[in-house]
Amino acid sequence: MGRSVRLSNRKQSNTLGLTVIYSLLSIGLIFMIFPYVWMVLASFKIPAEIYNRFLPTQFTFEHYQTIFSLGTTGSSHTFIKSIFNSLFVSSITTASVVFFGAVTGYALARLNFPGKTFLNNFVLFQMLFPVVLFLIPRFLLMLELGWINTYQGMMAPFMISAWAIFLFTQFFKTVPQTLIDAARIDGCSELRIIFKIILPLSKSITMIIAIFTFMAMWDEFLWYLIVTKDYNLMPLSVLLGLYTRGEYSSYPGILTAGATLLTVPILALFFLFKKYFTEGITMSGIKG
Amino acid sequence: MQMLKRLIHGIQKRRFTELVGYGLVAPYVIYSLVFWVYPFLWGLIIAFKKWNIISPDKEFVGLDNFIRVIQDPLFWISFKNILFFMIVYIPLVIICSLSVALMLNRIKILRSFFASGYLMSYVSAGVAYSIVFNLLFAGDGLINSWLGHVGITIPWFSDPRIAMASIAMIVVWKFMGYYGLIFLAGLQSIPKSLYESAEIDGASNWTQFWRITIPLLNPSFIIILVFAVMLSFNVFTEPYMITGGGPLDSTQTFVMQIYHQTFTALHAGYGSSFAILVAIISFTFVFVIRKMVERDISYG
């Protein structure tokens with residue numbers, strides 16, 4: 001009798017606890033998504049309502065119309081071009097990081113050659129150094145190569161990533177050797193082994209590397225700011241940043257429309273590939 | 001004869017896989033030499049030179065640049081600002097993300113819904129969320145007009161005493177879900193049996209939290225502290241976009257200084273020695289924090 005009373009008490013306090021937890025989590029969640037909701041609503045509001053009304057009384061597309069037709073002297077649709085620039089730079093870099101990451105990771109995990117240990121250590125060594133050390137000399141290198149204001153210049157520092165090589169190397173060590181041997185007996189070249197056998201088995205690590213690289217490139221600001229001077233070549237992040245600090249600083253409608261355009265693609269990517277985002281972060285938490 | 005043939009064949013085969021190996025790592029090696037090793041060394045060299053990028057002469061000045069950085073009041077102002085940023089950012093983000101993780105760890109229904117909800121802010125681009133918060137927290141923005149109903153307005157980004165704290169706060173918004181997931185992974189790796197035996201011994205929830213949860217989360221704490229410290233030393237986009245380093249230099253950061261010195265004032269040598277000092281300081285911080293916080297945990 002006493003025991004069952006205790007149990008039901010416990011159950012009650014558990015339900016109470018859970019109610020509190022769910023309420024707190026929900027309140028927190030509202031705070032987390034509020035800036036997004038406000039941003040999207042603001043981009044459709046008439047200017048008078050942006051600052052001091054949360055819900056708009058009327059919708060307008062004028063900010064998007066303005067932003068899409070914005071041009072600079074001698075050219076038009078600068079904003080649309082910048083979206084293209086961002087997509088172009090981010091996709092090429094992502095493909096390159098995955099390709100060279102997989103190839104190098106395979107060699108470092110599965111082949112034996114003198115100097116391998118050194119290279120493995122070098123990959124770790126590279127990951128230690130902060131970007132800030134490289135800003136200036138890399139900029140000077142771009143000057144020397146004549147790559148200021150070019151796509152190559154924007155992408156050069158990001159084309160091969162030590163972080164991706166490290167993750168691929170770790171993961172490829174777990175692929176069974178028999179699969180590789182069987183493929184070799186069938187006369188597969190090493191490149192075919194990597195891309196037809198190993199990568200399909202490593203789908204989740206590949207997706208994690210691709211998604212995080214794409215996101216980082218889309219979000220990149222400082223390097224693009226340093227190497228691009230021509231408005232028509234700028235990725236969206238820099239163009240929007242310069243507009244915000246420059247001539248459009250007092251047009252909140254245009255700015256929130258721009259911010260929405262910068263956010264929506266990555267947010268879409270996030271909802272499509274939630275699983276890999278979570279997995280990637282959890283992995284960094286375990287491995288460090 | 002047969003054996004010799006096999007031996008030669010074996011050597012050839014080994015040579016072949018070695019060649020394949022070198023072929024596969026060659027792009028990485030060449031790329032690293034050009035875009036990593038070369039700039040790395042060059043950065044070290046120009047730190048000892050006086051050079052304005054445009055002129056061809058690069059005068060060797062020894063430690064002059066480093067001495068000038070240390071004497072630069074803006075170096076110390078930036079340092080102070082970053083320390084202030086850390087003092088606000090690190091405790092706040094740890095409390096928020098750990099609370100979220102503890103709550104997520106307790107629930108079963110809707111866990112992944114809430115987890116991805118809290119992670120949404122992490123994917124927002126620096127420029128975009130800087131714009132949004134700058135408008136939301138503006139002097140006459142929505143937040144202040146709401147606060148106005150209870151008779152207060154806060155000059156979030158325009159009061160030099162709190163501008164950096166406001167920036168730290170919006171960075172907390174961005175990263176608390178991310179750190180929360182790292183904590184959650186840490187919580188889930190703690191064996192349930194530890195809590196069960198603590199329960200039998202009559203330990204209260206509070207005791208369990210401080211004696212089991214916190215010590216066994218040590219690896220997660222280390223990762224998050226290292227991430228947070230590195231992030232603090234690299235803050236750039238938010239102050240660049242929102243305050244431009246003001247008011248009264250209260251949101252100047254190291255990276256903003258390096259950017260300004262090199263790409264506006266064209267002092268490449270000076271900027272380079274600035275960057276080296278910043279790297280040394282951030283390494284020291286990470287090292288000290290690891291030494292202070294890292295514990296060898298073992299159980300089972």
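The conversation below takes up the terms one at a time.

Modeller: Please note at the outset that this is a predicted model. Every value that I quote is computed from it.

Biologist: What makes A:Thr206 count as buried or exposed?

Modeller: The relative accessibility of A:Thr206 is 13%. Buried means under 20%, therefore A:Thr206 counts as buried. This residue is placed in helix H11 (residues 203-219) of chain A. Leaving aside residues up to four places away in sequence, A:Thr206 touches A:Val98, A:Phe168 and A:Leu199.

Biologist: Why is A:Asn149 called partly exposed?

Modeller: A:Asn149 has a relative accessible area of 24%. The term buried requires a value under 20% and the term exposed a value over 50%. The value of A:Asn149 lies in between, so A:Asn149 is partly exposed. Its place is the loop between helix H6 (135-145) and helix H7 (151-155) of chain A. A:Asn149 also has a positive phi of about 65°, although it is not a glycine.

Biologist: What makes B:Leu248 count as buried or exposed?

Modeller: B:Leu248 has 75% relative accessibility. Exposed means over 50%, so B:Leu248 counts as exposed. B:Leu248 lies in the loop between helix H11 (237-242) and helix H12 (254-264) of chain B. The phi of B:Leu248 is near 55°, which is a positive value in a residue other than glycine.

Biologist: Let us turn to charged pairs. How many salt bridges does the structure hold over all chains?

Modeller: Over all chains, there are four salt bridges. Side chains of opposite charge can pair when their charged atoms come close.

Biologist: How do you know that A:Glu190 forms a salt bridge with A:Arg184?

Modeller: The closest N and O atoms of A:Glu190 and A:Arg184 are 2.9 Å apart. The limit for a side-chain nitrogen of Arg and a carboxyl oxygen of Glu is 4 Å, so A:Glu190 and A:Arg184 form a salt bridge. A:Glu190, at 12% relative accessibility, counts as buried, whereas A:Arg184, at 31%, counts as partly exposed.

Biologist: What is the accessibility of each partner in the salt bridge of B:Asp159 with B:Arg161?

Modeller: The closest N and O atoms of B:Asp159 and B:Arg161 are 2.9 Å apart. B:Asp159 is at 14% relative accessibility, and because buried means under 20%, B:Asp159 counts as buried. B:Arg161 is at 65%, and because exposed means over 50%, B:Arg161 counts as exposed.

Biologist: Why are B:Arg290 and B:Glu294 said to meet in a salt bridge?

Modeller: For the side chains of B:Arg290 and B:Glu294 the N to O distance is 3.5 Å. This is within 4 Å, so the pair is a salt bridge. B:Arg290 counts as partly exposed at 35% relative accessibility, and B:Glu294 is partly exposed with a relative accessible area of 40%.

Biologist: Which salt bridge is found between chain A and chain B?

Modeller: The count between chain A and chain B is one. In it, the side chains of A:Asp219 and B:Lys174 meet at 3.5 Å, N to O. That distance is within 4 Å, so the pair meets the rule.

Biologist: What else describes the contact of the two chains?

Modeller: Chain A contributes 94 residues and chain B contributes 86 residues to the contact. Together, chain A and chain B bury about 7900 Å², 80% of it on carbon and sulfur atoms. Across this interface there are 16 residue pairs in polar contact. H1(A) gives the most to the side of chain A that touches chain B, with 17 residues. By class, that side has 70 nonpolar, 16 polar and eight charged residues.

Biologist: How is chain A itself divided?

Modeller: Chain A is divided into domain 1 (2-64) and domain 2 (73-287). Ten residues from domain 1 of chain A and ten residues from domain 2 of chain A take part in the contact. The two domains of chain A bury about 800 Å² between them, 81% of it on carbon and sulfur atoms. A:Met39, A:His63 and A:Tyr64 supply 53% of the area that domain 1 of chain A buries against domain 2 of chain A. Between domain 1 and domain 2 of chain A the count is zero salt bridges.

Methods. Residues are numbered from 1 along each chain as its sequence is written. Chains are lettered from A and ligands numbered from 1 in the order in which they are written. Side-chain values use heavy atoms; hydrogens and water are left out. Domain bounds come from an automatic or database domain assignment. Contact means heavy atoms within 4.5 Å. Buried area is the accessible area (1.4 Å probe) that two parts lose on being put together, summed over both. Helices (H or I, at least four residues) and strands (E, at least two) are DSSP runs, numbered from the N terminus. Buried means under 20% relative accessible area, exposed over 50%, partly exposed in between (1.4 Å probe, protein chains only). A polar contact is a pair of N or O atoms within 3.5 Å; within protein, one must be able to donate a hydrogen and the other to accept it, and residues adjacent in sequence count only if both atoms are side-chain atoms. Ala, Val, Leu, Ile, Met, Phe, Trp, Tyr, Cys and Pro count as nonpolar, Asp, Glu, Lys and Arg as charged, and the others, Gly among them, as polar.
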